[in-house]
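The following exercises concern a single protein chain.

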Amino acid sequence: MRDRRLLFAILLGVIPLSQFPIDVYTPAIPDMVREFDTSTTLVQNTVSAYVLGMSLGLLPIGVIADAKGRKPTLLVCLALLFVASIAIAFTTDIGVLLVLRFVQGVGGCACMVIVYAIAADLFRGPRLTSVSGWLGASWGLAPVVAPAIGGVIAQFVSWRGIFVLVAVLAALAALVVWRLLPETLTPEAATPIRPRAIARVLGGTLRRRVFVGLTLVFAVFASAQLLFGVVAPVLYQDVLGLSPLTYGFIALVVGAANLGGELATGAFATRLSSRTLGGAALALFTAGALVLALSGFLVGPDIVLITVGGILVMLGCGALCPLAYGLALGLFDRNLGLVGGLTSAVCYLFVAVTLGAAAVLPETDQTPIGLVYLGCAVAGGVLMALWLPRRRRDTHTPVSTAEPGSRPV
């Protein structure tokens with residue numbers, strides 16, 4: 001029991017490193033625009049570059065983790081995150097920065113997909129959904145504390161110091177993983193890398209409509225979650241005239257709401273039906289979208305209304321993302337790195353496209369992001385109505401993703 005608690009504590013500490021490099025430097029985006037003498041859109045696309053690196057890295061890293069083990073794969077990716085972060089701290093070219101952010105995303109994605117694969121090695125059913133919620137809460141610490149930390153560093157040091165911090169955290173995580181994390185992939189569950197067999201497993205997984213539906217729910221609300229962190233710095237700093245430090249502390253409040261939603265999933269996933277929990281979260285999300293859209297039309301840029309709308313939106317996203325991810329991963333009992341990588345890859349490809357498109361949204365007030373969120377509420381609501389289990393015990397029986405009569409891939 002003590003070993004399992006230690007392992008769980010390590011997972012809680014590692015998983016935020018997938019999200020931290022996205023949020024920590026957002027308060028410095030206006031400073032980076034001035035230093036690189038480029039457009040806001042191009043600097044905002046450094047977020048998209050990181051997310052694209054994550055989305056393209058998730059699937060192959062999941063496959064490698066299923067074949068070579070969780071621990072060694074995670075260590076290599078943490079090393080990649082460290083090297084890319086140091087390089088970013090010294091770059092003077094926006095094109096190089098975009099490439100390095102992509103590489104950084106490839107390294108950072110392992111902190112999500114491998115952590116969830118380890119959790120699925122150890123837990124099943126509603127317990128896995130609950131653990132997913134607690135991991136989501138830890139992951140959600142990044143948008144809570146990262147902008148505040150980044151705001152302080154941007155205000156008193158520079159944006160380059162932010163990426164030095166990311167490198168230090170990656171090095172510390174690698175040290176803890178190397179010394180304390182056990183390997184949870186058993187020899188019997190290890191699956192060699194066989195492209196044709198992997199393709200068959202992927203095809204079979206994608207033919208499961210409930211898996212696709214839950215993955216799309218995750219994608220919709222993860223996109224909404226990350227979108228606020230990209231648009232908000234411009235609204236608060238350029239439109240409302242706040243300093244990076246002040247914005248960082250507002251982001252701390254909004255991020256705390258996201259954390260609260262994830263904690264709610266962790267606490268109530270084993271007590272309430274998925275539909276009850278998901279419906280309450282969707283109601284909060286929709287209320288926030290309405291506040292943002294209508295206040296933009298009726299009042300214009302307003303610090304209180306933008307913050308209130310952001311809090312409600314983040315409460316909903318915080319609950320819905322780990323709920324959908326845990327349910328999707330719980331559909332299977334083998335190839336969990338592959339399945340988790342596929343879920344996250346689909347999600348973050350969706351996120352990368354959304355953030356790239358959002359970079360051209362008008363940023364004079366909160367109306368555009370509010371309207372985007374209303375579209376997310378409609379799309380997510382339809383998907384949830386189709387695919388969320390109706391009762392607490394109405395869970396799908398986990399299936400093996402292996403080919404019948406053959407060794408699982």
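**Exercise 1. Determine what share of the chain is buried and how its fold is built.**

Step 1. Of the 409 residues of the chain, 57% are buried, where buried means under 20% relative accessible area, exposed over 50% and partly exposed in between, with a 1.4 Å probe and protein chains only. The model is predicted: local features require pLDDT of at least 70 and side-chain atom pairs pLDDT 80 or more, whereas totals for chains, interfaces and linings use all residues. Residues are numbered from 1 along each chain as its sequence is written, and side-chain values use heavy atoms, without hydrogens and water.

Step 2. The chain has 16 helices and 0 strands; these are DSSP runs numbered from the N terminus, with helices (H or I) of at least four residues and strands (E) of at least two.

Step 3. Of contacts between residues at least 6 apart in sequence, 88% join residues at least 24 apart; contact means heavy atoms within 4.5 Å.

**Exercise 2. Describe the ring pairs that link Y25, F36, W159 and F163.**

Step 1. The whole structure holds 9 aromatic pairs. Rings of Phe, Tyr and Trp (its six-membered ring) pair if their centres lie within 6.5 Å; planes under 30 degrees apart count as stacked, over 60 as edge-to-face and the rest as tilted.

Step 2. For Y25 and F163, the centres are 5.4 Å apart and the planes stand at 50 degrees, so this pair is tilted. Y25 belongs to the loop between α2 (20-23) and α3 (29-36) and F163 to helix α9 (residues 159-180), so parts 138 residues apart in sequence are tied together. Both Y25 and F163 are buried.

Step 3. The rings of F36 and W159 have centres 5.5 Å apart and planes at 45 degrees, so they too form a tilted pair. Because F36 lies in helix α3 and W159 in helix α9, the pair ties together parts 123 residues apart in sequence. F36 and W159 are both buried.

Step 4. Ring pairs join the four residues Y25, F36, W159 and F163 into a cluster.

**Exercise 3. Locate S48 and state its surroundings.**

Step 1. S48 is found in helix α4 (residues 40-68).

Step 2. With a relative accessible area of 9%, S48 is buried.

Step 3. Beyond its neighbours within four places in sequence, S48 contacts A352, L355 and G356.
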